[in-house]
Amino acid sequence: MKRMFGLGLALMLLAGCVPMVTDMWLVQPVSGQVFDAEDGAPVVGAEVRNLDQPELTTATGTVGEFAIEGQSERQFYMAMPASYLNREIWVVRHPDYADA
């Protein structure tokens, strides 16, 4: 009886968990364009920086474009639905624009 209870408890704890070996994002790729909100012109030379990882910084190009390359590594993990989702905050700054 104790063995069945332990097995049932273990199954309940693992419910929704999926063992996986896959490439995990250390840094997800990010790209886009920065435009002036008033006239729609591209903003050249704006700094785009990750708030939690300031080493992830780039500047916008001649048409306001920017890109951060993705970085990943192969790992084993037990995934639960949405457990691997991570919110990232990006900050865009330019000397000609006031901070919002």
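Visitor: Why is Pro54 called partly exposed?
Guide: Pro54 has a relative accessible area of 44%. Buried means under 20%, exposed means over 50%, and partly exposed is what lies in between, using a 1.4 Å probe and protein chains only. The 44% of Pro54 falls in between, so Pro54 counts as partly exposed. Pro54 sits in the loop between β3 and β4, where strands are DSSP runs of E with at least two residues, numbered from the N terminus.

Visitor: What kind of model is this, and how are its residues and side chains treated?
Guide: This is a predicted model, in which local features need pLDDT of at least 70 and side-chain atom pairs count only at pLDDT 80 or more, while totals for chains, interfaces and linings use all residues. Residues are numbered from 1 along each chain as its sequence is written, and side-chain values use heavy atoms, leaving out hydrogens and water.

Visitor: What makes the link between Glu47 and Arg49 a salt bridge?
Guide: A salt bridge needs a side-chain nitrogen of Lys or Arg within 4 Å of a carboxyl oxygen of Asp or Glu. For Glu47 and Arg49 the N to O distance is 3.8 Å, so the pair meets that rule. The count by this rule is one salt bridge.

Visitor: Are these two partners buried or partly exposed?
Guide: Glu47 has 32% relative accessibility, so Glu47 is partly exposed. Arg49 has 17%, so Arg49 is buried.

Visitor: How do you know which strands stand at the edges of the sheet?
Guide: The open sheet has three strands in the order β4-β3-β7, with antiparallel pairing. Strands pair if DSSP finds at least two bridges between them. β4 (57-59) and β7 (90-93) each have a single partner strand, so one side of each has no neighbour in the sheet. Strand β3 (residues 47-50) and β7 are joined over four bridges, which means that they pass the threshold of at least two. Asn50 has Trp90 in β7 as its bridge partner.
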